[in-house]
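Dear colleague,

The notes follow directly after it.

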Amino acid sequence: MNKLQVISRLCEEGIVAVIRADNSEQAIKIAEACLQGGISSLEITFTVPYAHQVIEKLSNHFSPGEVTIGAGTVLDTETARIAILSGAQFVVSPFVNTEVIRLCNRYGIPCMPGAMTVKEAIEGMEAGADIIKLFPGETYGPSMIRSLKGPLPQVNLMPTGGVNLSTITDWFEAGAVAVGVGGSLISSASQGDYASITEKSRQLVDKVKAFRGV
């Protein structure tokens with residue numbers, strides 16, 4: 001898929017599973033559990049040991065039409081390039097790094113830098129980001145989207161942090177184009193309970209579909 005197709009798919013599906021894990025095996029099991037529950041946009045964070053290998057394994061196992069695989073917690077251009085070479089279809093950073101955004105644009109890969117202020121959001125947009133990751137989302141809640149969209153109605157925001165079954169529709173009502181769901185979705189993996197991840201994934205997908213009238 002090209003850059004525009006990836007962005008379109010992320011927004012159409014609306015949910016990105018943010019996968020953090022103690023090891024690569026656990027990360028793959030979490031990814032599989034999310035997929036079984038209907039979440040097919042997966043962000044493998046670079047806090048996972050050998051994250052690039054996880055991205056590569058998933059990219060080789062699934063076709064681009066089945067799964068949209070991205071890299072998260074990308075702090076520098078070196079990591080971004082490794083992620084892209086491993087098969088990442090989008091790159092997510094917790095802050096605005098203009099060099100990372102430029103590199104991603106060079107290779108036609110969507111980049112979603114983290115921001116929490118109007119200044120940061122504008123810096124990301126001017127550098128070429130198509131979606132701004134509102135992070136950490138739980139700090140201000142859905143009202144922050146409305147606050148940012150006051151002066152920046154054109155900004156595309158994807159909150160990460162503070163998104164769960166109880167709040168997910170609140171974020172979309174506020175104007176989010178998609179949401180990143182991490183701890184509230186995958187926490188049971190630490191106990192080896194992947195069935196709960198699958199069930200939560202189904203519930204999240206159903207909530208988004210019901211909200212959008214799909």
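K29 has a relative accessibility of 35% and therefore counts as partly exposed; here buried means under 20% relative accessible area, exposed means over 50%, and partly exposed lies in between, with a 1.4 Å probe and protein chains only. The side chain of K29 meets that of E25 in a salt bridge, at 3.5 Å from N to O. A salt bridge is counted when a side-chain nitrogen of Lys or Arg is within 4 Å of a carboxyl oxygen of Asp or Glu. E25, at 53% relative accessibility, counts as exposed. Both K29 and E25 belong to helix 2, where they are four residues apart, about one turn of the helix. Helices (H or I, at least four residues) and strands (E, at least two) are DSSP runs, numbered from the N terminus.

Please note that this is a predicted model, in which local features need pLDDT of at least 70 and side-chain atom pairs count only at pLDDT 80 or more, while totals for chains, interfaces and linings use all residues. Residues are numbered from 1 along each chain as its sequence is written, and side-chain values use heavy atoms, with hydrogens and water left out.

The count of salt bridges comes to six. In general, side chains of opposite charge can pair when their charged atoms come close. Another of these pairs is R9 with E13, whose closest N and O atoms are 3.1 Å apart. R9 and E13 are separated by about one helical turn, because they are four residues apart in helix 1. R9 is buried, with a relative accessible area of 13%, whereas E13 is partly exposed at 26%.

Which residue forms a salt bridge with D130? The partner is K3, with the closest N and O atoms 3.1 Å apart. D130 lies in the loop between helix 6 (118-127) and strand 6 (132-134), and K3 lies in helix 1 (residues 3-13), so this pair ties together parts that are 127 residues apart in sequence. D130 is partly exposed at 31% relative accessibility, while K3 is buried at 19%.

I turn next to the strands. In strand 2 (residues 41-45), five of the five residues are buried. S41, E43 and T45 point one way from this strand, and L42 and I44 point the other way. In a regular strand the side chains alternate between the two faces of the sheet.

Strand 2 runs parallel to strand 1 (residues 15-19), and three bridges join them; two strands pair if DSSP finds at least two bridges between them. V18 has E43 as its bridge partner in strand 2. Strand 2 also runs parallel to strand 3 (residues 68-72), to which five bridges join it, and there E43 stands opposite G70. From strand 2 the chain crosses through helix 3 (residues 51-61) to strand 3 in a right-handed β-α-β crossover. Right-handed means that, with the strands pointing away from the viewer, the path from the first strand over the helix to the second runs clockwise.

Which residues of helix 3 are buried? They include A51, V54, I55 and L58. These residues lie on the same side of helix 3, because they cover an arc of only 100° around the axis, taken from the directions from the helix axis to the C-beta atoms. The buried residues of helix 3 pack against helix 2, strand 2, strand 3 and helix 4 (77-86), where contact means heavy atoms within 4.5 Å.

Yours sincerely
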